[in-house]
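Subject: Structure for your review

Dear colleague,

Please find below the structure that I am handing over to you, followed by a summary of what was found in it.

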Amino acid sequence: MREDTTKVLEQEIPASMEERGMEEVKPSAVEDKAAAEEAVEERVAQEKTEDSTAQNKETEEREVDVEREMEGEVEVVTPCPTESHGLQGTIKGHDLFGYVGIEAVLDQMRRKTMKAGFEFNIMVVGQSGLGKSTLVNTLFKSKVSRKSCSPNYEEKISKTVKLQSVSHVIEEKGVKMKLTVIDTPGFGDQINNENCWEPIVSYVNEQYERYLKEELYVNRKPRIPDTRVHCCVYFLPATGHWLRPIDVEFMKRLGKIVSIVPIIAKADTLTMEERQEFKQRIRQDLNANGIRVYPQTEYDEDPEDRILNDKIRENIPFAVVGTDKEHQVNGNKVLGRKTKWGIIEVENVAHCEFTNLRDLLIRSHLQDLKDVTHNIHYETFRVRRLNESNLTVHGLALSCFPMENGTHGTNGTNGTSDRSESESHL
Ligand SMILES: Nc1nc2c(ncn2[C@@H]2O[C@H](COP(=O)(O)OP(=O)(O)OP(=O)(O)O)[C@@H](O)[C@H]2O)c(=O)[nH]1
Ligand SMILES: [Mg+2]
């Protein structure tokens with residue numbers, strides 16, 4: 001409407017100057033034209049200086065806006081300066097005529113998440129006996145990972161040589177989490193550790209592949225089961241030296257496909273000074289080798305995020321202690337390791353950095369870990385795979401793509417299994 005008015009005014013200028021009286025116009029139009037002419041004259045007079053024109057335009061716009069507002073056509077919104085297209089704006093609560101209830105969406109989301117629950121998949125990698133199972137149990141305060149060195153013979157599990165995933169549903173205050181722990185006992189235990197990361201890389205990629213396959217079905221499941229590794233906790237032995245070649249090789253490779261959180265295991269075996277020096281040296285090694293560990297600077301969403309994540313980055317790798325025993329300290333039960341010289345309290349920040357790790361993995365960054373997995377790592381995999389498939393099946397009929405869960409359209413050329421069929425077009 002505002003544009004139309006301006007257009008009329010602009011178009012009327014020559015007409016009113018040169019063709020006045022020559023043109024036959026209808027009575028109603030005469031009135032309009034006269035009004036327009038008046039406006040034009042007024043405007044011409046006012047257009048003497050640029051400043052006054054700008055002011056006028058603003059006034060005009062305001063008037064038109066008021067008109068529109070009164071007509072109930074459009075809500076007047078101050079355009080958001082960051083939006084270059086100028087179509088969006090922000091209406092704050094105090095600008096509304098009354099309570100709308102938008103914030104209740106949070107409750108709706110909360111209720112939905114509580115009903116559906118969520119999945120979190122954590123992988124632990126490190127040499128045998130570094131305390132992987134103990135730490136996972138300490139993190140989730142339950143026996144989610146079986147220890148290989150349990151005193152009870154019945155529970156004793158011999159050292160596993162291949163990846164093992166165990167799932168549990170943990171419920172706290174009505175929120176259900178399906179936690180899957182992927183254990184990698186025996187990583188780096190061999191004399192020749194060449195390519196020992198390969199089964200782990202394959203596992204991570206296989207989960208992406210699975211997810212992609214499910215996504216490509218025309219009739220897909222309402223919720224695609226998520227087995228993708230959201231976080232890989234890498235256990236560094238508390239040697240007090242520097243990163244070993246196997247650590248560098250592993251983190252270099254895995255850091256490209258999954259979020260890695262390195263930690264110093266069994267930190268109670270280092271003095272405070274040794275711990276600080278070791279941490280410092282590891283950070284230098286990580287930088288020097290271009291190893292990308294979580295949280296990565298480029299994925300910080302805003303300055304607030306950056307401040308929080310910078311603190312984490314300055315402190316990485318966390319020097320942690322794990323236990324599954326509770327002890328009495330000053331009348332309180334605490335998780336700790338009892339030694340001849342006293343109790344090392346796992347959740348005491350003066351003793352170790354277990355709480356920093358727990359905060360990162362569960363309390364502050366769990367959702368971000370899932371988001372980074374989906375938006376960065378999985379997305380990179382997806383794009384690569386679909387590009388590959390474009391190259392390999394370019395020109396083949398779309399009927400190669402999966403139609404429904406478990407079924408595929410056929411191109412009538414072969415009778416291969418589901419897997420090889422789907423792989424052929426991925
Ligand atoms: N000193 C010390 N000992 C620990 C710590 N965490 C675990 N342990 C002990 O180390 C031993 C091995 O712990 P596990 O949790 O079974 O180690 P793991 O890495 O799961 O071993 P595998 O399953 O064989 O790969 C057990 O006796 C634990 O009690 C720790 O933080 N400090
Ligand atoms: Mg274990």
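Two residues are said to be in contact if their C-beta atoms, placed from the backbone, lie within 7 Å. By that rule, and not counting residues up to four places away in sequence, Val-320 touches Leu-135, Ile-263, Ile-264, Ala-265, Ala-267, Cys-352, Glu-353, Phe-354 and Leu-357. Please bear in mind that this is a predicted model.

As for the chain as a whole, its secondary structure comes to twelve helices and eleven strands. Of its 426 residues, 23% count as buried. Among contacts between residues at least 6 apart in sequence, 66% join residues at least 24 apart.

Val-320 also belongs to the largest nonpolar core, which has 61 residues. The residues with the most contacts inside this core are Cys-232, Tyr-234, Val-261, Ile-263 and Val-320. Strand β4, residues 231-236, supplies the largest share of the core, namely six residues. In soluble globular proteins, nonpolar side chains tend to be buried together.

One of the residues that Val-320 touches, Leu-135, is among the buried residues of helix α5. How many of the nine residues of this helix are buried? Nine of the nine are, so helix α5 (residues 132-140) is largely enclosed by the rest of the structure. The buried residues include Lys-132 and Asn-137 as well as Val-136 and Phe-140. They pack against strands β1, β2, β3, β4 and β8, and against helix α10. After α5 comes Lys-141, whose phi is positive, near 45°.

Yours sincerely,
A colleague

Terms used. Residues are numbered from 1 along each chain as its sequence is written. Chains are lettered from A and ligands numbered from 1 in the order in which they are written. This is a predicted model: local features need pLDDT of at least 70, side-chain atom pairs count only at pLDDT 80 or more; totals for chains, interfaces and linings use all residues. A nonpolar core is a set of buried Ala, Val, Leu, Ile, Met, Phe, Trp, Tyr and Cys residues joined through C-beta atoms within 7 Å. A residue is buried if 20 or more other C-beta atoms lie within 10 Å of its own, exposed if 12 or fewer, and partly exposed in between; C-beta atoms are placed from the backbone. Helices (H or I, at least four residues) and strands (E, at least two) are DSSP runs, numbered from the N terminus.
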